[in-house]
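Please read the report below alongside the sequence and the model. The text moves from the overall fold to a few local features.

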Amino acid sequence: MPFPMPFPMTKNLLLDAAILLAIAILGGLGYQLAPLLNPKADIALPLSGCNLDRQACVATLPDGGQLEFSIEPRPIPVLQTLQLQASFQGTEVRKVEVDITGSTMNMGYNRPRLERQGGSERFTASASLPVCITGSMEWDATVLVDTGKAVVAVPFRFVTGH
């Protein structure tokens, strides 16, 4: 004679199954959204020695074109509106984004898309930086340039709060 399954056992199995399903869904979402946190680039240039908090920086792209990137005002403040500007010469550009991250500390997702100004090869956007409780903070600003043939990552570094 089979033993009847008690009601609490069925309830626990359903709860366990629901938790496992939720974990699987969250894992799938995390896998799908991970590229947003780490920018996908076909070509990554080496870190520039130029200091963005002192001047505009220039980089040569793999196709021979040039990028000039700047953040103003200088020195770069936190909790204020910043003006990002990227200008190009000798290269076709479809889209420009700047991924701004803390070099040594996670400061959240901050990737503004720069908008083309008229029909020119000049792109601009406004952004802001969160404040760091330690005072001085080192940042990486990676300009993501979509040329239509490849996405090129051009990294720069700057410091705030000094």
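Among contacts in the protein between residues at least 6 apart in sequence, what percentage join residues at least 24 apart? The share is 57%, where contact means heavy atoms within 4.5 Å. The structure is a predicted model, in which local features need pLDDT of at least 70 and side-chain atom pairs count only at pLDDT 80 or more, while totals for chains, interfaces and linings use all residues. Residues are numbered from 1 along each chain as its sequence is written, and side-chain values use heavy atoms, with hydrogens and water left out.

The protein contains one helix and nine strands, and along the sequence these follow the order α-β-β-β-β-β-β-β-β-β. Helices (H or I, at least four residues) and strands (E, at least two) are DSSP runs, numbered from the N terminus. Of the 162 residues in the protein, 34% are buried; buried means under 20% relative accessible area, exposed over 50%, and partly exposed in between, with a 1.4 Å probe and protein chains only.

A search of the whole structure finds one disulfide, a term that denotes a pair of cysteine sulfur atoms within 2.5 Å. The bond joins Cys50 and Cys57, whose sulfur atoms lie 2.0 Å apart. Because the torsion about the S-S bond of Cys50 and Cys57 is about -80 degrees, the disulfide is left-handed.

| Residue | Relative accessibility | Class |
|---|---|---|
| Cys50 | 14% | buried |
| Cys57 | 0% | buried |
| Thr124 | 19% | buried |

The side chain of Thr124 makes a polar contact with the side chain of Gln117 at 2.8 Å. A polar contact is a pair of N or O atoms within 3.5 Å; within protein, one must be able to donate a hydrogen and the other to accept it, and residues adjacent in sequence count only if both atoms are side-chain atoms. Leaving aside residues up to four places away in sequence, Thr124 touches Leu84, Gln85, Leu114, Glu115 and Gln117.
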